[in-house]
Amino acid sequence: MARKKRISMKKVEADVRRIEAKEEYELKDGNSMWFYPEFSPDKIDLLINEYQDDISEMKEAQIDIDDNYATKYLYFLMVKHFTEYGEHLSPDLKVKIQQCNALFINGHISEIMTEVFVEKQIYKVLDQLAQRVALNQYVLHFDEQVSRNFRNLELRNQDAIQGAFKEGKKHTKKVKQQQKRQEQKKLSDDDADK
(Lines give C-alpha, C1' and ligand atoms only; values in the text may rest on other atoms or scores of the structure.)
Protein backbone atom coordinates (compact mmCIF):
# COMPACT_ATOMS: atom_id res chain seq x y z
CA MET A 1 0.00 0.00 0.00
CA ALA A 2 1.39 3.39 -1.02
CA ARG A 3 2.19 5.80 1.71
CA LYS A 4 0.19 9.04 1.62
CA LYS A 5 2.10 12.29 1.30
CA ARG A 6 1.66 14.69 4.19
CA ILE A 7 1.51 18.43 3.88
CA SER A 8 4.61 20.36 4.84
CA MET A 9 5.98 23.87 4.64
CA LYS A 10 8.98 22.54 2.73
CA LYS A 11 6.61 21.41 -0.02
CA VAL A 12 4.86 24.80 0.02
CA GLU A 13 8.18 26.66 -0.14
CA ALA A 14 9.31 24.47 -3.05
CA ASP A 15 6.05 25.24 -4.87
CA VAL A 16 6.54 28.98 -4.30
CA ARG A 17 10.12 28.82 -5.64
CA ARG A 18 8.86 26.95 -8.72
CA ILE A 19 6.04 29.46 -9.30
CA GLU A 20 8.32 32.48 -8.83
CA ALA A 21 11.08 31.12 -11.08
CA LYS A 22 11.85 33.24 -14.13
CA GLU A 23 12.99 32.07 -17.52
CA GLU A 24 14.72 33.88 -20.37
CA TYR A 25 13.25 34.18 -23.87
CA GLU A 26 14.76 35.68 -27.00
CA LEU A 27 12.22 37.52 -29.12
CA LYS A 28 12.26 37.23 -32.92
CA ASP A 29 13.74 40.74 -33.18
CA GLY A 30 16.80 39.58 -31.19
CA ASN A 31 15.88 41.22 -27.88
CA SER A 32 15.61 39.02 -24.82
CA MET A 33 13.40 39.24 -21.79
CA TRP A 34 12.58 37.25 -18.67
CA PHE A 35 9.11 35.93 -17.95
CA TYR A 36 7.23 33.81 -15.46
CA PRO A 37 6.33 30.45 -17.05
CA GLU A 38 3.76 29.85 -14.30
CA PHE A 39 1.21 32.51 -13.32
CA SER A 40 0.77 32.82 -9.56
CA PRO A 41 -2.73 33.35 -8.13
CA ASP A 42 -1.72 36.55 -6.34
CA LYS A 43 -0.35 38.11 -9.54
CA ILE A 44 -3.50 37.02 -11.39
CA ASP A 45 -5.58 38.82 -8.74
CA LEU A 46 -3.51 41.98 -9.15
CA LEU A 47 -3.87 41.74 -12.94
CA ILE A 48 -7.67 41.33 -12.75
CA ASN A 49 -8.01 44.21 -10.26
CA GLU A 50 -5.97 46.46 -12.54
CA TYR A 51 -7.97 45.32 -15.58
CA GLN A 52 -11.32 46.06 -13.94
CA ASP A 53 -10.10 49.42 -12.59
CA ASP A 54 -8.65 50.45 -15.96
CA ILE A 55 -11.74 49.39 -17.92
CA SER A 56 -13.94 51.36 -15.49
CA GLU A 57 -11.67 54.38 -15.82
CA MET A 58 -11.79 54.10 -19.63
CA LYS A 59 -15.59 54.06 -19.53
CA GLU A 60 -15.69 57.04 -17.16
CA ALA A 61 -13.32 58.94 -19.45
CA GLN A 62 -15.60 57.95 -22.35
CA ILE A 63 -12.78 56.16 -24.14
CA ASP A 64 -14.41 53.96 -26.76
CA ILE A 65 -13.51 50.30 -26.14
CA ASP A 66 -15.05 47.30 -27.82
CA ASP A 67 -14.76 43.63 -26.83
CA ASN A 68 -11.80 43.17 -29.17
CA TYR A 69 -9.84 46.00 -27.54
CA ALA A 70 -10.82 44.81 -24.04
CA THR A 71 -9.28 41.41 -24.90
CA LYS A 72 -6.14 43.07 -26.31
CA TYR A 73 -5.83 45.13 -23.15
CA LEU A 74 -6.14 42.00 -21.01
CA TYR A 75 -3.30 40.39 -23.01
CA PHE A 76 -1.27 43.57 -22.54
CA LEU A 77 -1.74 43.30 -18.76
CA MET A 78 -0.69 39.63 -18.86
CA VAL A 79 2.51 40.74 -20.55
CA LYS A 80 2.89 43.50 -17.96
CA HIS A 81 2.42 41.22 -14.95
CA PHE A 82 4.28 38.13 -16.17
CA THR A 83 7.27 39.55 -18.06
CA GLU A 84 9.90 42.14 -17.38
CA TYR A 85 7.88 44.61 -19.45
CA GLY A 86 6.03 45.34 -16.21
CA GLU A 87 9.12 47.17 -14.94
CA HIS A 88 9.03 49.53 -17.94
CA LEU A 89 5.31 50.34 -18.25
CA SER A 90 3.63 53.47 -16.93
CA PRO A 91 0.98 53.43 -14.19
CA ASP A 92 -0.88 56.25 -16.02
CA LEU A 93 -3.84 54.87 -17.96
CA LYS A 94 -3.49 57.09 -21.04
CA VAL A 95 0.19 56.17 -21.33
CA LYS A 96 -0.60 52.47 -20.77
CA ILE A 97 -3.09 52.60 -23.64
CA GLN A 98 -0.38 54.02 -25.91
CA GLN A 99 2.10 51.40 -24.71
CA CYS A 100 -0.47 48.65 -25.29
CA ASN A 101 -1.01 49.84 -28.86
CA ALA A 102 2.75 50.10 -29.49
CA LEU A 103 3.39 46.56 -28.21
CA PHE A 104 0.65 45.21 -30.47
CA ILE A 105 1.97 47.12 -33.47
CA ASN A 106 5.54 45.86 -33.01
CA GLY A 107 4.21 42.30 -32.57
CA HIS A 108 5.63 41.61 -29.12
CA ILE A 109 2.29 40.93 -27.43
CA SER A 110 1.22 38.51 -30.16
CA GLU A 111 4.56 36.73 -30.03
CA ILE A 112 4.56 36.51 -26.23
CA MET A 113 0.96 35.27 -26.11
CA THR A 114 1.55 32.56 -28.74
CA GLU A 115 5.22 31.63 -28.33
CA VAL A 116 6.10 32.36 -24.68
CA PHE A 117 3.07 31.89 -22.48
CA VAL A 118 1.66 28.40 -22.07
CA GLU A 119 -2.02 28.14 -22.97
CA LYS A 120 -2.85 26.61 -19.57
CA GLN A 121 -1.50 29.73 -17.83
CA ILE A 122 -3.49 32.07 -20.08
CA TYR A 123 -6.63 30.09 -19.28
CA LYS A 124 -5.93 30.46 -15.56
CA VAL A 125 -6.29 34.22 -16.01
CA LEU A 126 -9.37 33.92 -18.24
CA ASP A 127 -11.05 31.47 -15.86
CA GLN A 128 -10.37 33.62 -12.81
CA LEU A 129 -11.64 36.72 -14.65
CA ALA A 130 -14.81 34.84 -15.67
CA GLN A 131 -15.35 33.75 -12.06
CA ARG A 132 -14.91 37.32 -10.85
CA VAL A 133 -17.34 38.68 -13.45
CA ALA A 134 -19.88 35.97 -12.59
CA LEU A 135 -19.53 36.73 -8.89
CA ASN A 136 -19.97 40.47 -9.54
CA GLN A 137 -23.09 39.77 -11.60
CA TYR A 138 -24.44 37.49 -8.89
CA VAL A 139 -23.82 40.14 -6.22
CA LEU A 140 -25.43 42.81 -8.41
CA HIS A 141 -28.45 40.55 -9.04
CA PHE A 142 -28.66 39.71 -5.33
CA ASP A 143 -28.45 43.41 -4.42
CA GLU A 144 -31.25 44.23 -6.88
CA GLN A 145 -33.37 41.41 -5.45
CA VAL A 146 -32.78 42.60 -1.87
CA SER A 147 -33.71 46.16 -2.88
CA ARG A 148 -36.87 44.93 -4.61
CA ASN A 149 -37.83 42.81 -1.59
CA PHE A 150 -37.12 45.71 0.75
CA ARG A 151 -39.38 48.02 -1.29
CA ASN A 152 -42.15 45.37 -1.28
CA LEU A 153 -41.72 44.83 2.44
CA GLU A 154 -41.70 48.58 3.00
CA LEU A 155 -45.02 48.88 1.12
CA ARG A 156 -46.56 45.98 3.05
CA ASN A 157 -45.24 47.35 6.32
CA GLN A 158 -46.50 50.78 5.43
CA ASP A 159 -50.01 49.35 5.03
CA ALA A 160 -49.63 47.43 8.29
CA ILE A 161 -48.30 50.48 10.10
CA GLN A 162 -51.12 52.66 8.78
CA GLY A 163 -53.63 49.98 9.82
CA ALA A 164 -52.07 49.73 13.26
CA PHE A 165 -52.05 53.51 13.55
CA LYS A 166 -55.77 53.63 12.68
CA GLU A 167 -56.49 50.86 15.20
CA GLY A 168 -54.44 52.75 17.77
CA LYS A 169 -56.48 55.88 17.15
CA LYS A 170 -59.72 53.90 17.49
CA HIS A 171 -58.49 52.31 20.71
CA THR A 172 -57.40 55.68 22.11
CA LYS A 173 -60.81 57.13 21.24
CA LYS A 174 -62.58 54.21 22.97
CA VAL A 175 -60.39 54.57 26.06
CA LYS A 176 -61.10 58.31 26.22
CA GLN A 177 -64.82 57.64 25.83
CA GLN A 178 -64.70 55.03 28.61
CA GLN A 179 -62.77 57.42 30.85
CA LYS A 180 -65.32 60.15 30.13
CA ARG A 181 -68.22 57.79 30.94
CA GLN A 182 -66.50 56.68 34.14
CA GLU A 183 -65.94 60.31 35.14
CA GLN A 184 -69.57 61.13 34.37
CA LYS A 185 -70.75 58.08 36.33
CA LYS A 186 -68.53 59.03 39.25
CA LEU A 187 -69.90 62.57 39.17
CA SER A 188 -73.47 61.28 39.06
CA ASP A 189 -72.69 58.78 41.89
CA ASP A 190 -71.17 61.62 43.94
CA ASP A 191 -74.26 63.76 43.28
CA ALA A 192 -76.51 60.87 44.35
CA ASP A 193 -74.55 60.41 47.59
CA LYS A 194 -75.08 64.05 48.57
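The model is predicted, so local features are taken from residues with pLDDT of at least 70 and side-chain atom pairs only at pLDDT 80 or more, while totals for chains, interfaces and linings use all residues. Residues are numbered from 1 along each chain as its sequence is written, and side-chain values use heavy atoms, with hydrogens and water left out.

Colour the protein by pLDDT, the predictor's confidence in each residue from 0 to 100; the average is 86, and 87% of the residues score at least 70. Confidence is lowest in helix H6 (residues 119-193), with a mean of 76, and highest in H3, at 96. Helices here are DSSP runs (H or I, at least four residues), numbered from the N terminus.

Next, select H3 (residues 67-82) and H4 (residues 93-105), which pack at an angle of about 90° with their axes 10 Å apart. The two helices are therefore roughly perpendicular (65 to 115 degrees).

Finally, select Lys96, which lies in helix H4 and is buried, with a relative accessible area of 2%, where buried means under 20%. The side chain of Lys96 makes a polar contact of 2.7 Å with that of Asp54, a term for a pair of N or O atoms within 3.5 Å, one able to donate a hydrogen and the other to accept it. Beyond four places away in sequence, Lys96 also touches residues including Glu50, Lys80, Ser90 and Pro91.

How values were computed. Axes are lines fitted to C-alpha atoms, for helices over the stretch in contact, and angles run from 0 to 180 degrees between N-to-C directions. Angles under 35 degrees count as roughly parallel, over 145 as roughly antiparallel, 65 to 115 as roughly perpendicular and the rest as oblique. Buried means under 20% relative accessible area, exposed over 50%, partly exposed in between (1.4 Å probe, protein chains only). Contact means heavy atoms within 4.5 Å.
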